[in-house]
Amino acid sequence: MRISKSIKFLLQIMPLALLCGCGVYSFTGVAITAETISIAAFYNDAEGGPPDMAQTFTNKLQDYYQSNTNLTLVKEDGELQIEGVVTGYRLSPIAPTAANAELLGGNTSALTRLTITVQVTYVNTEDDQFNFENRSFSFYEDFDSNQNLTAIESQLLDRIFDQIILDIFNASVANW
């Protein structure tokens, strides 16, 4: 009899536990009620970088939102709206070294840092407390200075864009 009382108790408690756990939840941490998003084409205002950099960024951003939310991408006037500009493409020498300094006419760098900066405006037409305007997002990747930048540039941009897009996503719909 003890077993049947325990089973009865569990059967009574289980539905209550399931009801308490229900709600708006997503494995990505996104809890939004909007149904549409418009992501305007970013443009490139940075000095340098590949000519298709802004378009590549826009495509990756749109793909990320479509893959990680139930939002429908619309051309304009979405309930959520994102637009922006690539404002920075900077190469900076880091990790200076004196190796081969005499041959190269001075100190050289063992590593170079590629930094990309994107300025974003986000509008949530349902709740303007989450809006932000001209917010800068930036990330970088370091690479060996002996490598040819054009040979590895697309890989560097992919990694940098992935992090910037994650930061934009978290700042907008994930509210982190």
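## Terms and model

A residue is called buried when its relative accessible area is under 20%, exposed when that area is over 50%, and partly exposed in between, with a 1.4 Å probe and protein chains only. By this definition Phe42, at a relative accessible area of 4%, is buried.

The structure is a predicted model, in which local features need pLDDT of at least 70 and side-chain atom pairs count only at pLDDT 80 or more, while totals for chains, interfaces and linings use all residues. Residues are numbered from 1 along each chain as its sequence is written, and side-chain values use heavy atoms, with hydrogens and water left out.

## Confidence

The pLDDT, which is the predictor's confidence in each residue on a scale from 0 to 100, averages 84 over the chain, and 74% of the residues score at least 70. Helices (H or I, at least four residues) and strands (E, at least two) are DSSP runs numbered from the N terminus; confidence is highest in β1, at 98, and lowest in helix α3 (residues 101-104), at a mean of 50. Over residues 16-28 the pLDDT is below 50, and beyond near neighbours in sequence this stretch has 2 contacts in the model, a contact being heavy atoms within 4.5 Å.

## Aromatic pairs

Rings of Phe, Tyr and Trp (its six-membered ring) are taken as a pair if their centres lie within 6.5 Å, and the pair counts as stacked with planes under 30 degrees apart, as edge-to-face over 60, and as tilted for the rest. The whole structure contains 7 aromatic pairs. One of them joins Phe42 and Phe57 edge-to-face, at 5.0 Å centre to centre and with 65 degrees between the planes. This pair links distant parts of the chain, as Phe42 is in the loop between β1 (36-39) and β2 (43-44) and Phe57 is in helix α2 (residues 53-68), 15 residues apart.

Phe57 is buried, with a relative accessible area of 0%, and forms a further edge-to-face pair with Phe161, at 5.1 Å centre to centre and 75 degrees between the planes. Because Phe57 lies in helix α2 and Phe161 in helix α4 (residues 149-172), this pair ties together parts that are 104 residues apart in sequence.

## Salt bridges

A salt bridge is a side-chain nitrogen of Lys or Arg within 4 Å of a carboxyl oxygen of Asp or Glu, and the structure holds 4 of them. Among them is the one between Lys60 and Asp158 (3.8 Å, N to O); since Lys60 lies in helix α2 and Asp158 in helix α4, the pair ties together parts that are 98 residues apart in sequence. Lys60 is partly exposed at 23% relative accessibility, and Asp158 is partly exposed at 35%. Salt bridges that share partners join Lys60, Asp158 and Asp162 into one network.

In another salt bridge, the side chains of Arg159 and Glu141 meet at 3.3 Å, N to O, linking helix α4 with strand β6 (residues 132-144) across 18 residues. Arg159 is partly exposed at 41% relative accessibility, whereas Glu141 is buried at 18%.

## Arg113 and its two partners

Arg113 is partly exposed, with a relative accessible area of 24%.
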